[in-house]
Amino acid sequence: DEFCDPGDAEHQTMRVYLRVRPFSKEELSDNEDQECIVVENSQTVTLNAPKGSATMKSSERGIGTSIHKFTFSQIFGPEMSQAELYENTVKSQTSDFLDGKNTLIFSYGVTNAGKTYTIQGTQKEPGILSRVLDGTFHYIQGHQYQDMDMKPFLRNDAQRLDSKQVKQERSAKAALFAAVKEVIACFLETLFLFISVLVDSSAESESSQFALWVAYYEIYNECVYDLLQPSLCIRNKKRVSLRVCDDGAGNAYVKGLQWINIQSLSEASKLLHLGNRNRSAAATKMNQSSSRSHSIFTMKLLKIDNDVVESVSEFSLCDLAGSERCNKTKTINERLKEAGNINNSLLILGKCLTALRNNQAERTKSSYIPFRESKLTKLFQTIFCGKGRASMIVNINQCASTYDETLHVMKFSAVAKQVIPERPLESPCLVGGDGKPLRNGASHNQTLNLSDEELLEEEDEADESLLPQNELLSMIENLRTKLLAERKRNLVQEMEIRKEMGDAMLQQLMESEELRTRQIEELKERYQDKLENTFEMYKDAIKEHAYQSAMNNLEDDYVPLDEFLAEQEKVEVSSIIEL
Ligand SMILES: Nc1ncnc2c1ncn2[C@@H]1O[C@H](COP(=O)(O)OP(=O)(O)OP(=O)(O)O)[C@@H](O)[C@H]1O
């Protein structure tokens, strides 16, 4: 089941959009604008490493290059409005959703890159999620199914609820809304004022009715947690992780996930706020940044005809965790575990996307796609495999100070990258019959193929095939030296990590040893006291016993004085008589 049907290949193309956010005033005055990001055209962007960045330092040492070119399905520059972005990216996916198809959007970017702005937006400039919801409500306006007795079930199904279950649904919903009693800015409500008709059609001509249900959950350290909980639950109790199960037809679903029926934009907005609040509360409690988890907001639209569910479609918006941010206040073990899990799920996602692309390129061949290796890819396997459309929106800022992180994001997400040699080619290049170079010396295209090593630390290489032999030999020598140095550095680093971990374990051992010694000492003292007390008790008891015995003997041997005197006199008299 890890293979996609190549016949579905055209659906498998995942579009990857890049959005570059504008500089803020502060960033401009902090000299963050060093022309690191240059949008060449609607699909190509060039990254120039600024002075002081790790990329520039490596390139100065002769490792890798300071210039990178990346290709995306479409690039949106700083001047692009929210409406334009929506129109050109997600709008067609909203239409799919309303048309009964499944669809998925990933968003990816480091902190401060503009993800929240893109997804949620502001009151004046609503983001993608707001626009999808608005488009959906606009479409189903007047055709909303009012009862709550048709509910999403498993992954693609729906179930009919009896009156008792409907009552439970209503009270679960009421409990959630009671948790968001405080007045929150329900900017979504005002959306109708700002956005004109978002979808070209509406369901007016339809006789069908529609029910919209939403769920909001997160995946942290490979555990799934429901975000739609009355917040008290999360504050006081340990969070319960939910299982990812198979519905028997190869579709994964989250068992026990709370689905809430919503009737308006303001309800959707409240749930989103509640989920966000729970997400950051849980993150704070676990001493974790909320951006270390993948969060998923899913809408399910049930199309109901004559009391029968005709179709169930799904729209998921998945906010991916950034792999480069790390909370320094955590213990080494926690950090390693967290980084491992994030890198792993992104790595698996990268591998799945690469395999899908390769399968698509070679239609006759289907290679293994490791969907089952992470919860994230397992959950969206069916969408990747042709039962829906997926796209990714990547957000970056243009700041020089976070250049290395931005480069990392681009390497992960771009649909293709180009290799730019560092120095101009002076040596003769191979020419064809027309005098033109057989291969373009400046760059060649390469589809993104992520391997483990690449995701961790990827270095681009110059195109060596164009160099003469002696240069090649010296280059090999040069590379060999660099490789040795790199190996040495890795060894030192590994030793450092081992030492750090060893120290941490030793520290832990010493602490537990100390605790145990202290406990033994305390026990010893307690038993000593107990022993002394018992000893004293016995001493007192013996004393008491001796006294009592003495007293008893005294009573037995007691002879009244007059009897004694009389007896004595008798003895004396008898002794005189004897004499
Ligand atoms: N396209 C844009 N146009 C104008 N302002 C933007 C744009 N994108 C982002 N901003 C602004 O840049 C700042 C950072 O954006 P945002 O908070 O969305 O980043 P983020 O990636 O969600 O960060 P975090 O992960 O820390 O929440 C915000 O003040 C936001 O309003």
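**Close-up views of a predicted model**

**View 1. Asparagine 31 sits in a loop.** The loop holding asparagine 31 runs between helix 2 (25–29) and strand 2 (37–39). Helices (H or I, at least four residues) and strands (E, at least two) are DSSP runs, numbered from the N terminus. This is a predicted model: local features need pLDDT of at least 70, side-chain atom pairs count only at pLDDT 80 or more, and totals for chains, interfaces and linings use all residues. Residues are numbered from 1 along each chain as its sequence is written. Asparagine 31 has a positive phi, near 60°. Most residues other than glycine have a negative phi. Asparagine 31 counts as exposed because it has 11 C-beta neighbours inside 10 Å. The cut-offs use other C-beta atoms within 10 Å, placed from the backbone: 20 or more is buried, 12 or fewer is exposed, and in between is partly exposed.

**View 2. Asparagine 221 lies between two strands.** Its loop links strand 9 (209–220) and strand 10 (223–226). Phi of asparagine 221 is positive too, near 50°. With 16 C-beta neighbours inside 10 Å, asparagine 221 counts as partly exposed.

**View 3. Helix 5 (residues 91–98) has buried residues.** Gln93, Thr94, Phe97 and Leu98 are buried. After helix 5 comes glycine 100, with a positive phi near 90°.
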